[in-house]
Amino acid sequence: MQGASRSRSTWARWVAAVAACAGLAAPVSRAEGPATLDVDVSKPGVAIPAGFFGLMTEEINHSYDGGLFAELIQNRTFQDRGARPGGVPIHWSVVGPGKVTTDEANPVNAALPVSLRLDLAGGECGVANDGYWGIPVRPDTTYTATFYAKGGGEFAGPVRASIRTDEGDVSVAKGETQPVTTAWKKYTVTLRTAHDAATTSKARFVLSASGPGRVSFSLVSLFPPTYHDTPNGLRPDLMKLLAELRPKFIRLPGGNYLEGSRFSDRFNWKQMIGPADQRPGHMGCWGYRSSDGLGLPEYLLWCKQLGAEPVLGLFAGYVLNGDHFKSGSPEMALYTREALEEIQYVSGPADSEWGKKRAADGFPEPFPLHYVEIGNEDWFDRSSSYDGRFTQMARAIRERYPHLKIIATAPVKSFKPDLYDDHFYRSAPQLMRMATMYDPPTGAAPPLAFAGGGWNGRQRDGTLTFVGEWATQEGRPTPNLNAALADAAFVMGLEKNSDAVPMQCYAPLLVNVSPADPAKGYPRATQWGTNLIGYDALRSFGSPSYYAQVMLAQNKGDVVLPTRFEVPTAPPTEEKPRGRIGVGSWHTQVEYTGISVTAPDGGKLLTANQARDVKSWQFSGGDWNVRDDAIAPAARDAETWAFTGDPNWSDYTIRLRARKIRGREGFIVIWHAADSDNYHWWKIGGWQNTLARCEATNGGGRGPYGTGTPFTVETGRWYDLRLEVTGHRLRGFVDGKLVTEATYEPRATPRPVFATATYSKDDRTVILKVVNAGKTAVETAINLRGVDRVEPNGNGIVLIGEPRAVNTLYEPRKVAPKQETVTETSASFHHIFPPHSLTILRLKTSAHAQQARGAAK
Ligand code: AHR
């Protein structure tokens, strides 16, 4: 083992250096005794599908408008909600002495019902657009402005287009049209910035004219260079980030955006094809209007440019306000027909009715299409109409397109789907635990059940699972490193089970992180808490979770290898238990009020007044709100906890009142919370509202202790709860009556680590993937069985940092993968997996067992 120890020290030095750069204080403190990681290369298992990694997408957080769609003009058809002084449409303003009004009497066509009229006042005047939180200016850059214009009164001059800085009103690029006519006509002006133009997003786009009379505008557009220079195309920096994820499919559109808030706002794809001047746009479900400039043809462009296939989301007759049509209704007949036509638009021959329209939109070649998804999260439809709606659409699709795999979004019984789409937004410990949820069931496995957005494991009847939305909800607006590690473990668990889960995609993908601009009355660009890739008008960055997924997608391998990872547990601590307090919800709508904490001497640690301040709480697994003095989770159906207080509190009494509004269980009260992975709780009405019992969560792993007392929480009734915490002992009272008495016996705890291995046949490489989300390094003896020889220099890729570390516009690669050679590798060697890290080791085998070669073919 001489070589092994040299390898260990080389790597340890490198890891120490990387960890020091990442700001970790004690980077390579070792676990008690080495762990062992056995990988059997001679027994290859699941063949990982080529299409395992994909993207989920919808218009949320200005993902398209103000995001991937490169258009720079916000409110380009003047129909967005809100106006500036004088009725000037939002994001527009008047330049100079002219007068600006919206005009609905002179539309270009039915899809462009509003125009902007500029009454001139002699000298130069115009209209300015401030873009999506600014217009990005870069040197040596060509911009293409297009707009409809028509003159009126005595005006017959040219229109000038320019980009002007906010500070100093400097025109950094300009051009002009021919003299405009009195009929609507589309004009194109090319603008180019100079070599020395300063990079900024503090700029506006201005259309101006001088003279008497008036000029009107419609569909005003400004494009910078796009990815692969495609007209009407996509933003290059974001596309480059997406390409690194090597997606093989795009779920388009997924999410609430498919459904819309009302029927009038559903994803109506027929209004999102053809030229831009034929697309009316619609109100999106995330609080802003969608221009639909990124419509179905642009989704296909996106797929084509990334080499991905669409997973086509089909509107299924249910909208977010709960309205729906039943199967057999004329409306469901219409939506079913439209779904078949949409499939033809995407994948039909260029001479078919809808394939012809795709060809006219620039894509003569049909797109490969293997998966369609009917609806989105239809478990929100409490009317039980999904079974009928799904069945009606699925039958029609199966008859017309028998090769298509059909995805259901909620349990159905009248038609067997090919896949179910499970969704999981969870805390880091939860998602990390869920890394094994799709493992083949053993004797002790719980029965298959659907709750909280997905099934609790692999289907038993051969139906496959598509995890079409998942994410660790930690870090805002983008995830931190701790979230990235849980995400990595979860994806590794899915990959290991990709015979049952052949596809997965994180959500949401994109977030414009621009803040609110109260002076102008603009809201912030973000709606969702935790998102993969952030950007503003000028810059972009991948989150740690993005980099974890890049690492995994680029090191997928062809086949899963069986692994056994045995890690010594941490010994129990002798220290006096301490920690904060909290409340929680387990798929139950609950509220808590009058929360106070008292020390054993009667001193007040937390008063009910202090607890009323929402800012004093931290949340895990979802947001909470304070309303009418009570704190309650924002989501009705989530696993979420709220923490407050001092981590140094040891013995105390917690008092509070609790009420259940609806849901499956009862109350959760938390004590001795060190962080969201380590705490104790008392569940009153836990276990499907049957028991009161204590549980301890250590390093994300949870287990009950003490005896359970039968207890059922009544809905709508207020309960008085009291918890007396003394050292490891808990006495829990409900309405003054002792219900639970339990003493926790500290024990060795499992470490938050996870390992898988795959094999890549082309380069005969074993790919080890190891998450160590714990505070201590894990020294590991690695044994590759069934391998004759391993080349002595392997490749190591490590994502490491402080667990709360995030990337930002200003530090876009604070947490990013680092590559290094791992020397002295062999079929049996030692390696140190540093704290808070994801490590991928690529170990090239020179010759290996026949079985591996066979299965990997
Ligand atoms: O990804 C954000 C939202 O979460 C999606 O729109 C919806 O499907 C889910 O509830």
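1. In this predicted model, strand β1, residues 35-40, pairs with β30 in the antiparallel sense, and four bridges join the two.

2. The β1 and β30 strands belong to an open sheet of four strands, ordered β30-β1-β48-β52, with mixed pairing. The edges are β30 (563-566) and β52 (828-833); each has a single partner strand, so one side of each is left without a neighbour in the sheet. From one strand to the next, the twist averages 20°.

3. Turning to the ligand, its surroundings are made up of Glu 58, Gly 255, Asn 256, Trp 286, Asn 376, Glu 377, Tyr 425, Glu 469, Ala 507, Pro 508 and Trp 528. By class, this shell divides into five nonpolar, three polar and three charged residues.

4. For Tyr 425, an N or O atom of the side chain is 2.7 Å from a ligand oxygen. Asn 256 takes part through its backbone: an N or O atom there lies 2.8 Å from an oxygen atom of the ligand.

5. How much of the ligand's accessible area does the protein cover? On its own the ligand has 280 Å² of accessible area, and the protein covers 94% of that.

Conventions. Residues numbered from 1 in each chain as written. Predicted model: local features only at pLDDT ≥ 70, side-chain atom pairs only at ≥ 80, totals over all residues. Heavy atoms only, no water. Near = heavy atom within 4 Å. Polar contact = N/O pair within 3.5 Å; in protein donor to acceptor, adjacent residues only side chain to side chain. Areas by Shrake-Rupley, 256 points an atom, 1.4 Å probe, with all protein chains shown as cover. Nonpolar A, V, L, I, M, F, W, Y, C, P; charged D, E, K, R; others polar. Pairing = 2+ DSSP bridges. Axes fitted to C-alpha atoms, helices over the stretch in contact; angles between N-to-C directions.
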